[in-house]
Amino acid sequence: MVRPKRVITQTIKELVQLKRDQLILALAFLLPVFAMLLFGLTSSLDVNNINFAVQDLDITYTSREYIATFERTNKFKIVAIGSKVKVPQMLNQGKIAAGLIIPPEFTRDLRHGREAQVQILVDGTDANTANLIRNYAIATNNAFVGNLNHKTAIAVNIQSQFWYNPGLKSLNYVGPGAMGMSLTLLPPLFAGLATAKEWEHGTIIQVYASSLTGTEYLLGKTMAYWLVGITEVFLTNVMAWFFFGLWYAGDPTPLIVGSALYVACGVLWGIFVGSNFKSLPVVVQVVVATTFMLPWLMSGFTYPIANIPTALRWLANFTPTTFYILLARDAFSQGMGWSIAWSSVLTLGVLAGFFFLLAWWKLRRMQLED
C-alpha cells in the first residue's frame, strides 16, 4: 500500500538535493529556453511525400487525365479520390496535406476554349510545405496544359487557399515543434542522473535500510522531477509568446493535459535508465540517444514521418515527442482541440503508463542486486 506521506517526503528530499546544486538547477530552467530559441530560429524543413485528396465533380475522361498527371509525379500520394470526397473535412482531420477540387464545368470550359478553374486547398500550418505543395501543383498543372492541343489557347487556373496559417509564417509550425524538442532532454536526464547517483555514491543503501517501498521511492522521485519539468513547460510557453508571438488558436486543454503526461514519460524513462545502468557517463549517453537524437530524427520535427523508411517508421510510435509535437502544433496553429487531439493525449497516457511499469518492475524490490 502506497503511503502518500512517504511519497511527499521522498519528493521533498529530491527537490532539496536538486536545490543544493545551483548549476544543475540553473541549467534545468535556462537550457530549455535556450534550446527552444535555437530550434525555433534555425530549423529548416523539407518534404517529399504529400498526402493528397481529389474531389472530382466533373467525372470525365479529361478530369481523369488531369488527376493522372498528379498521380504520375512522385510528389503527391493520392489517398482519396471521387465526387463525394470531402477535402475540407479531411484537412480538418489531418488526413491530408492538400486537396484538389475539380468543378463540374471543367471539361466543358476546356472544350469551348475558356479558362478552366480548379481549386487546391492546402494546410498552411507548415509554411514551407505549403509553398512546396503550391509550386508542385503549379508545375503539374503546367505539364497538363502543355499536353493539350496547342491550337486552342487554353489555360487551367489554380486558385490556392491556405488553411490554419494563411500568412504562411514558418514559426507557427517550427515554434510548437521546438517546444517539444526543448522539453525532451532535461527532465529525463536529471531524473536518470539522480537515480544513478544513488547507486554510484552508495546512498541507495540508506533507502534500502528505510521502510520506503519501491513504489513510494519511484513516485517520490518522479514527482520531484515532474514538477521541474512542468516549470520548464510554463517557461517555454511564455517564451513562445514573448519571442515568437505564438498564442493558442483554440482550446489549450489538450496541450495542458498532454504536457503533464509528456513530462511524466520523460522522467519515468530517465529513472528506468538510471536504475539500469547506474553509471553517470553511461546514463548521459543513453538518455541523449533515446530522448534527444531519436526524437530529432523520428518525431516529425526535422523530417516528415512519411519520409522515414517503412522499416524504421514504427519507432515514431514509441517516441512521446511525436505526439506532443502534434498537440503543440494543433494548439498554436490549427485550434481543432479535443476533436483531433484526443488520440495523441491517449497515446501519451499509454506511453506514460508503459514507462511507469518499466521503472516499477526495476524498482519493485528495494534491495541490492547480486
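## Contacts and overall build

Two residues are in contact when heavy atoms lie within 4.5 Å. Among contacts in the protein chain with a separation of 6 or more, 81% join residues 24 or more positions apart. This is a predicted model, so local features need pLDDT of at least 70, side-chain atom pairs count only at pLDDT 80 or more, and totals for chains, interfaces and linings use all residues. Residues are numbered from 1 along each chain as its sequence is written, and side-chain values use heavy atoms, with hydrogens and water left out.

The protein chain has 15 helices and five strands. Helices (H or I, at least four residues) and strands (E, at least two) are DSSP runs, numbered from the N terminus. The chain has 370 residues, and 48% of them count as buried. Buried means under 20% relative accessible area, exposed means over 50%, and partly exposed lies in between (1.4 Å probe, protein chains only). The accessible surface of the protein chain is about 17,700 Å². Carbon and sulfur atoms hold 63% of that surface. Accessible areas come from the Shrake-Rupley method with a 1.4 Å probe; for residues, only the protein chains shown count as cover.

## Salt bridges

How many salt bridges does a search of the whole structure find? It finds two. A salt bridge is a side-chain nitrogen of Lys or Arg within 4 Å of a carboxyl oxygen of Asp or Glu. Side chains of opposite charge can pair when their charged atoms come close.

R114 is partly exposed, with a relative accessible area of 39%. D109 is buried, at 10%. The side chains of E198 and K221 also form a salt bridge, at 3.6 Å from N to O. This pair links distant parts of the chain. E198 sits in helix α8 (residues 186-200), K221 sits in helix α10 (residues 214-244), and the two are 23 residues apart. E198 is buried, with a relative accessible area of 3%. K221 is buried too, at 0% relative accessibility.

## Aromatic pairs

The structure holds 15 aromatic pairs. Rings of Phe, Tyr and Trp (its six-membered ring) pair if their centres lie within 6.5 Å; planes under 30 degrees apart count as stacked, over 60 as edge-to-face and the rest as tilted. One of the pairs is F52 with F70. Their ring centres are 5.5 Å apart and their planes stand at 15°, so the pair is stacked. F52 is in strand β1 (residues 50-56) and F70 is in helix α3 (residues 61-71), 18 residues apart. Both F52 and F70 are buried.

The rings of F76 and Y136 have centres 6.5 Å apart and planes at 85°, so this pair is edge-to-face. F76 lies in strand β2 (residues 76-82) and Y136 in helix α6 (residues 127-146), so the pair ties together parts that are 60 residues apart in sequence. F76 is buried at 6% relative accessibility, and Y136 is buried at 18%. One aromatic cluster takes in F52, Y66, F70, F76, F106, Y136 and F144.

T11 is found in helix α1 (residues 4-20). T11 is buried, with a relative accessible area of 7%. Which residues does T11 contact, leaving aside its neighbours within four places in sequence? They are L219, G220, M223, A224 and L227. A polar atom of the T11 side chain lies 3.0 Å from the backbone oxygen of G220.

L348 is in helix α15 (residues 338-363). L348 is buried, with a relative accessible area of 0%. Not counting residues up to four places away in sequence, L348 touches G258, L261, Y262, C265, P320, F323, Y324 and L327. L348 and S259 are 89 residues apart in sequence. Their C-alpha atoms are 9.1 Å apart in space.

## A nonpolar patch

F234, V238, W241, F242, F243 and W247 make a nonpolar surface patch of about 740 Å². Patches are made of residues with over 30% relative accessible area and no salt bridge: like charges are joined within 9 Å, nonpolar side chains (Val, Leu, Ile, Met, Phe, Trp, Tyr) within 5 Å. W241 is found in helix α10. W241 is partly exposed, at 49% relative accessibility.

Definitions and conventions
A polar contact is a pair of N or O atoms within 3.5 Å; within protein, one must be able to donate a hydrogen and the other to accept it, and residues adjacent in sequence count only if both atoms are side-chain atoms.
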